[in-house]
Amino acid sequence: LDELIGGVLGVVEGAILLVVLLLATDPYFRGTAGQVAAVGEFPVFRAVHDFINGSLTAGYLRDHVIPNLLAVFGFLFPQAIRDGFSTAAMLLDRLA
């Protein structure tokens, strides 16, 4: 039982870390997609974001999890972050 609970909590922790990574890097790197790294930019963050960017997991988190998370805890985030992820959700609603 202990191993099972530990495994489930590990998966949940990994999902939380991916959400945090996307919340922290998407507003900057999605606005500068395809551009050369800026002066003073930490290149590891761009490499990790580019690695995760096209995955189905990142797409699901961006389209479903993060907008719902911001709907509940949006008052804790800046308006620019809320607007960036809410427009993605609105675009998906129009396509559906």
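**View 1. The side chains of Arg 62 and Asp 26 form a salt bridge.** The model shown is predicted. The N-to-O distance in this pair is 2.5 Å. A search of the whole structure finds 1 salt bridge. Arg 62 sits in helix H3 (residues 56-73) and Asp 26 in helix H1, so the bridge ties together parts that are 36 residues apart in sequence. Both Arg 62 and Asp 26 are buried. In general, side chains of opposite charge can pair when their charged atoms come close.

**View 2. The protein chain is built with 4 helices and 0 strands.** Read along the sequence, the pattern is α-α-α-α. The chain has 96 residues, and buried residues make up 25% of them. Take the contacts between residues at least 6 apart in sequence: 50% of these join residues at least 24 apart.

**View 3. Asp 26 belongs to helix H1.** Is this residue buried or exposed? Asp 26 has a relative accessible area of 3%, so it is buried, the cut-off being under 20%. Asn 53 lies 27 residues away in sequence. In space, the C-alpha atoms of Asp 26 and Asn 53 are 8.8 Å apart. Asp 26 takes part in the contact of H1 with H2. Asp 26 also takes part in the contact of H1 with H3.

**View 4. Helix H1 (residues 2-29) packs against helix H2 (residues 43-53).** The angle is about 105°, and the axes are 10 Å apart. That makes H1 roughly perpendicular to H2, because angles of 65 to 115 degrees count as such. From H1, the contact uses Leu 18, Leu 21, Leu 22, Thr 25, Asp 26, Tyr 28 and Phe 29. From H2, the partners are Phe 45, Arg 46, Val 48, His 49 and Ile 52. By class, this contact of H1 with H2 has 8 nonpolar, 2 polar and 2 charged residues.

**View 5. Helices H1 and H3 cross at roughly 85°.** Their axes come within 10 Å. H1 and H3 are therefore roughly perpendicular to each other. H1 brings Leu 18, Val 19, Leu 22, Leu 23 and Asp 26 to the contact. H3 brings Thr 57, Ala 58, Leu 61, Arg 62, Val 65, Ile 66, Leu 69 and Leu 70. The contact of H1 with H3 divides into 10 nonpolar, 1 polar and 2 charged residues.

**View 6. The largest nonpolar core has 11 residues.** Which residues form this core? They are Val 19, Leu 21, Leu 22, Leu 23, Ile 52, Ala 58, Leu 61, Ile 66, Leu 70, Ile 81 and Phe 85. H1, H3 and H4 each supply at least two residues of this core. In soluble globular proteins, nonpolar side chains tend to be buried together.

**View 7. Ala 58, a member of the largest nonpolar core, lies in helix H3.** At 1% relative accessibility, Ala 58 counts as buried. Which residues does Ala 58 contact, leaving aside its neighbours within four places in sequence? They are Leu 22, Ile 52 and Asn 53. Leu 21 is 37 residues from Ala 58 along the chain. Their C-alpha atoms are separated by 9.9 Å.

View 8. Neighbours within four places in sequence are left aside here. Beyond them, Ile 81 is in contact with Leu 23, Pro 27 and Leu 70.

**View 9. Ser 86 has its place in helix H4 (residues 79-95).** Ser 86 is partly exposed, with a relative accessible area of 31%. Asn 68 is 18 residues away from Ser 86 in sequence. From C-alpha to C-alpha, Ser 86 and Asn 68 are 9.1 Å apart in space.

Terms used
Residues numbered from 1 in each chain as written. Predicted model: local features only at pLDDT ≥ 70, side-chain atom pairs only at ≥ 80, totals over all residues. Heavy atoms only, no water. Axes fitted to C-alpha atoms, helices over the stretch in contact; angles between N-to-C directions. Parallel < 35°, antiparallel > 145°, perpendicular 65-115°, else oblique. Contact = heavy atoms within 4.5 Å. Nonpolar A, V, L, I, M, F, W, Y, C, P; charged D, E, K, R; others polar. Salt bridge = Lys/Arg side-chain N within 4 Å of Asp/Glu carboxyl O. Buried < 20%, exposed > 50% of the residue type's maximum accessible area, 1.4 Å probe, protein only. Core = buried A, V, L, I, M, F, W, Y, C linked by side-chain atoms within 4.5 Å.
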